[in-house]
Amino acid sequence: MSDEILIFLIVLGLILISYITYVIISFVFMASFSKKLDMQNKTLNILLYQKVNALFKIIEILSKYVTLDNYLDKTIINYSKLNISSNEIKSLLEITSNEDYLKYEEHKDTSLLVSYFTSLDKYFFIINELLKVVKISNKEDLNSINLNLSINDDISSRFIVTTQLFNSNVIGFNYWRNLRFTKFIKKMFKVAEKKQIL
């Protein structure tokens with residue numbers, strides 16, 4: 001074998017080894033980002049569960065002072081003083097009658113998680129409006145309501161931080177997934193891009 005062929009084979013071997021290393025490194029980084037995304041998804045699920053619990057604790061206390069069914073009657077509640085309608089009270093009644101909300105369920109679909117968070121924020125808004133007209137006479141109950149409203153605010157802040165971290169890790173994952181000269185391999189292995197939380 002001539003020296004030229006030997007040098008050519010060595011160079012080709014080095015290029016091949018470098019390329020394989022490049023591909024392996026990209027998969028290692030993708031796995032790292034994927035693991036972080038799974039952890040953040042779990043965090044979002046836990047935050048959602050905590051938010052539901054805070055909501056139900058407030059509703060439980062409120063039900064000592066008002067019967068929400070009665071609040072659908074416009075002669076009992078003056079809606080002109082509030083930023084809610086009887087339909088919104090009805091939607092709050094629907095959620096309180098469904099005990100399944102209190103069961104922990106892990107959602108992999110982050111867009112579904114966001115929609116649940118948004119709908120829960122709507123219920124907290126309704127409760128805040130109701131608290132303008134409902135007199136809570138027991139100081140312990142009032143403290144418990146305020147504590148759970150504060151917990152909700154904290155959960156909402158942590159939710160924003162977690163979604164931002166999630167989105168930055170999606171960018172990292174997609175960068176390594178779409179890396180030049182290795183993208184076709186990821187497609188062969190059916191590795192899809194991750195979606196950000198909007």
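Predicted model: local features only at pLDDT ≥ 70, side-chain atom pairs only at ≥ 80, totals over all residues.

Trainee: Okay, which residues do ring pairs link into a cluster?

Mentor: Phe29, Tyr175 and Trp176. Within that cluster, Phe29 and Trp176 are stacked, 4.4 Å centre to centre with 5° between the planes.

Trainee: Where do Phe29 and Trp176 lie?

Mentor: Phe29 is in helix H1 and Trp176 is in helix H4 (residues 139-177), so the pair ties together parts 147 residues apart in sequence.

Trainee: And is Trp176 buried or exposed?

Mentor: Buried, at 17% relative accessible area. Phe29 is partly exposed, at 37%.

Trainee: How many aromatic pairs does the whole structure have?

Mentor: The search finds four. One of them is Phe27 with Phe189: the centres are 6.1 Å apart and the planes sit at 85°, so that pair is edge-to-face. Phe27 is in helix H1, while Phe189 is in the segment after helix H5 (183-188), 162 residues away.

Trainee: What lies over the face of Phe27?

Mentor: Lys186, at 5.5 Å from the ring centre. Likewise, Lys194 lies over the face of Phe173, at 5.1 Å from the ring centre.

Trainee: Switching topic: which residues form the nonpolar patch on the surface?

Mentor: Ile5, Phe8, Leu9 and Leu12, with about 390 Å² of accessible area together. Phe8 lies in helix H1 (residues 3-65) and counts as exposed because its relative accessibility is 53%.

Trainee: What do the buried residues of H2 pack against?

Mentor: H1 and helix H3 (110-130). Those buried residues of H2 include Ile89, Leu92 and Leu93.

Notes
Residues numbered from 1 in each chain as written. Heavy atoms only, no water. Patch = residues over 30% accessible without salt bridge, like charges linked within 9 Å, V, L, I, M, F, W, Y side chains within 5 Å. Areas by Shrake-Rupley, 256 points an atom, 1.4 Å probe, with all protein chains shown as cover. Salt bridge = Lys/Arg side-chain N within 4 Å of Asp/Glu carboxyl O. Helix = DSSP H or I, 4+ residues; strand = E, 2+ residues; numbered from the N terminus. Buried < 20%, exposed > 50% of the residue type's maximum accessible area, 1.4 Å probe, protein only. Contact = heavy atoms within 4.5 Å. Phe/Tyr/Trp six-rings, centres within 6.5 Å; stacked < 30°, edge-to-face > 60°. Lys NZ or Arg CZ within 6 Å of the ring centre and 35° of its normal.
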